[in-house]
Amino acid sequence: MPREGISNLFSSSKPLSPSYSFPSPHIRFAPKHTFSESMMGENMEIAESVITRWDLNNSDNTVPSLFHDNRRESVEFLKSVKDLRRAMDFFISTNSNSDKLVLAQNLMQIAMKRLEKEFHHILSTNRNQPDPESISGRSSRGSSTFDREIEEEYPGELTTEEGPISELAMANLKSIADCMISSGYGQECVKIYKLVRKSITGENLYQLGIEGFRSAQIQKLSWTALDHMINNWLTAVKVAVKTIFRGERNLCDHVFSASHTIRESCFSDITKEGAINLFRFPEMASRNKPSTGKIYRFMELYEATFELWPDIESIFSYESTSAVNLQALSSLVRLGQTIHNIIAEFESNIQNDSSRTMVPGGGVHPLTQSVMAFISSLVDYSKILSEILSDHPLPNNFPMPESYFESPGQGDGPTSAVPLHLARLILVLLCKLDTKAELYKDVSLSYLFLANNINFVVVNVKLTNLNYLLGHEWFSRHARKVEQYASSYKALAWNKVFSSLPESNSTGASVEAVKDVFRKFNAAFEEAYQKQTSWVIPDEKLRDKVKVSIAKKLTPAYRKFYDTYLGMLSGEKILGVLVRFGPDDLENYLSDLFHGTVVSGSSSSPSSSHSQGCLPR
C-alpha cells in the first residue's frame with residue numbers, strides 16, 4: 001500500500017525523518033551545562049556505541065539478525081533507542097541548536113533502518129500462521145507500552161529457549177513496533193507489516209484452495225465440478241476463520257496494542273479482500289440451478305457459515321471490516337431462500353404429479369418412496385432448517401386439516417417450523433395417494449394400496465427422527481389409518497367368502513342346502529384367492545397382521561361348518577368336488593398370499609365410493 005494511504009494514521013511520521021516541534025529560530029537558550037544535560041550526554045554516548053555497532057552501513061556487521069542471535073543485545077538496543085528518544089526530547093526543549101541533537105537524529109535514523117530490517121526479517125521468516133490461542137493469551141494481558149515491553153517483557157537476560165519461536169517472534173515484533181511508533185516511524189513499520197502479512201495470508205488461503213471466485217465462472221461449472229468446489233470450501237472455511245483470520249486479528253491486536261487505529265488499519269487491509277471473497281462463494285454457488293439433490297450441499301454451506309457466524313462477527317468487528325459481515329449474512333439469506341424454494345418446488349411437484357401408472361398388486365408407489373426418502377433426509381438438518389423455515393411460515397390459506405398441526409413442534413424439541421413443513425409435505429403426499437388409489441378398478445385393491453403406502457410412511461417415521469419431530473399423536477393417528485384401510489380391504493375383498501357361510505349352523509339343514517353352501521364357499525374362496533395372488537403387502541409385519549385377521553374370521557367359521565356337516569356328505573361319490581378345502585388348507589392358501597408371485601390386473605367394476613376426490617378415512 002502506498003505510504004500516502006496511511007499517512008493520516010501517523011501525522012508526525014515521515015520516512016526516516018521524524019518530526020519534532022522545534023522552537024522558533026529567534027528564541028535563544030542560554031548555554032547552561034546542567035546535571036541533566038550531562039546525564040543526557042552520557043546516555044547518548046552509550047546509545048551511540050550500541051546503535052553504531054548495528055549500523056547497516058557498517059561493513060564489519062556480519063550478524064544476520066539482532067533479535068535472533070543476540071537476544072541480550074537486542075534488549076540493550078531497544079533501551080538505547082528509548083534513551084536516545086529521551087535525550088532528543090530534552091535537547092529540543094532546552095537547546096534546539098545543540099550539536100548533540102543533530103547527532104541524535106542521525107543515530108535515530110541508523111537505529112530505525114536497523115529495526116525496519118529486523119521487523120521485515122522476523123515477519124518473512126515466520127510465515128506459518130500464528131497460533132490464535134497462544135497470541136490471544138499474550139494479548140489478553142492488555143496493551144503494554146514500549147517502556148513496559150522492555151522493563152517487564154524482557155527482565156534480565158533472555159534466551160531463545162524461553163518458549164516456542166512463534167511466541168518469541170511475536171514478542172519481538174511487538175517490541176519493534178512499539179519502538180518505531182513511539183519514535184515517530186510508525187508509517188514505515190505498518191507498511192512493512194501490511195506488505196508481508198497480506199502476502200502470507202493470501203498464500204495460506206490459496207493453499208486451502210480459496211481462489212478468486214467469479215460468479216460468471218461458477219455459473220458455467222457442471223454440478224460435479226461445483227460440488228467438488230463446495231466440498232473443498234467446507235473443508236477450508238473453518239480453518240480460514242478460526243486459524244487464519246482469528247490468528248491474524250490476534251496478531252494485529254498484539255503487535256500494535258499501542259494503537260487501536262493502527263490495529264484496525266492493518267487487519268482490514270490484510271484480510272478484508274480475502275474474507276469477502278471467501279464468504280461470497282456460498283451465495284454464488286446457491287445461484288446454480290436448484291434441485292432436490294443439491295439441497296444437502298446448500299444446507300451444508302448454510303450450516304458451516306451459520307455456525308461460524310459468532311467467530312465472523314467477533315473477528316471482523318471493526319467498522320472498516322463490516323463489509324465482511326454483510327457478505328456472510330448475504331450468503332446466509334441467499335442460501336436460506338434457495339433451500340426454501342427447493343422445498344416449495346418439491347411440494348409443487350408432488351401436487352402436480354399426473355402419472356397414471358398403477359403399482360402392480362397395490363404395492364408401495366415410487367412417489368411414496370421418493371418423497372419419504374427426501375423428507376427423512378431433511379431431519380438430519382432440522383437445526384438448520386429451523387433457522388431457515390422460521391422465516392417462511394406456512395400460508396394462512398393452507399388447505400389442510402388443522403389436526404395435522406396439533407402435535408408437531410410441541411415439547412422441548414426444535415422450533416415448530418420444521419415439523420409443520422414436513423407434516424405438510426406428508427399430507428400433500430397422502431392426498432396425492434388418494435388420487436392414485438382411484439386408478440384401481442377393484443376398490444378393495446385401492447384400500448390395500450392405501451394401507452401399504454401409509455404404512456410405509458408410518459414405518460419410515462417410526463424408524464427415523466421424524467417420530468420425534470412429528471410427535472406421538474401424529475404417529476398414532478396415522479397408524480390407525482393403516483388399520484382402517486386394512487380392515488376396509490378385508491371387508492371388501494373377503495366379504496363374498498365370509499357371507500357364503502351361514503351365521504349359525506343348524507342340524508336340521510338339508511343335504512342340498514349343505515352342498516350349496518360348500519359350492520358357494522368353493523367358488524368365492526377360489527375367486528378371492530386367484531384374484532389376490534398377484535396382490536402384495538411388502539411390509540412383513542403388516543402382511544402377517546392382515547393374514548391373521550382374515551384367518552381369525554374365516555377359519556373358525558369354516559371349521560365349524562365343516563365339522564358339523566361333512567358327515568352328511570359321507571356317501572357322496574364326488575365328495576372331493578363338493579368339499580375342496582379342509583380347514584387347515586385355508587391357512588396354507590392364505591400363507592401364499594401378498595407376496596406378489598403372479599402379476600395380473602383387476603377386473604372388478606368401479607365403486608361409487610370413488611366418485612369423490614379422496615377415499616374416506
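Helix α19 bends by about 50° at Ala493, where the bend at a residue is the angle between axes fitted to the seven residues ending there and the seven starting there. The model is predicted, so that local features need pLDDT of at least 70 and side-chain atom pairs count only at pLDDT 80 or more, while totals for chains, interfaces and linings use all residues. Residues are numbered from 1 along each chain as its sequence is written, and side-chain values use heavy atoms, with hydrogens and water left out.

Helices are DSSP runs of H or I with at least four residues, numbered from the N terminus. Helix α19 covers residues 472–499, 28 residues in total, and reaches 38 Å from its first C-alpha to its last, close to the expected 40 Å. The expected span is 1.5 Å times one less than the number of residues. Helix α8 (residues 186–207) has 22 residues and reaches 31 Å between its first and last C-alpha, close to the 32 Å expected. After α8 comes Gly209, with a positive phi near 90°.

Two helix pairs involve α14. Helix α14 (residues 366–379) packs with helix α16 (residues 417–437) at an angle of about 175°, their axes being 11 Å apart. Axes are lines fitted to C-alpha atoms, for helices over the stretch in contact, and angles run from 0 to 180 degrees between N-to-C directions. The two helices α14 and α16 are therefore roughly antiparallel, a term for angles over 145 degrees, whereas those under 35 degrees count as roughly parallel. Contact means heavy atoms within 4.5 Å. Residues of α14 including Leu367, Val371 and Ile375 meet residues of α16, among them Leu422, Ile426 and Leu429. By class, this contact of α14 with α16 has eleven nonpolar, one polar and two charged residues. Ala, Val, Leu, Ile, Met, Phe, Trp, Tyr, Cys and Pro count as nonpolar, Asp, Glu, Lys and Arg as charged, and the others, Gly among them, as polar.

The axes of helix α12 (residues 295–315) and α14 come within 11 Å and cross at roughly 10°, which makes α12 roughly parallel to α14. Ile295, Tyr296 and Met299 of α12 make the contact with Phe374, Ser377 and Leu378 of α14.

The whole structure holds 26 salt bridges, each a side-chain nitrogen of Lys or Arg within 4 Å of a carboxyl oxygen of Asp or Glu. Asp83 and Arg86 form a salt bridge at 3.9 Å, N to O. Both residues lie in helix α3 (residues 71–94), three residues apart, about one turn of the helix.

Conventions
Angles under 35 degrees count as roughly parallel, over 145 as roughly antiparallel, 65 to 115 as roughly perpendicular and the rest as oblique.
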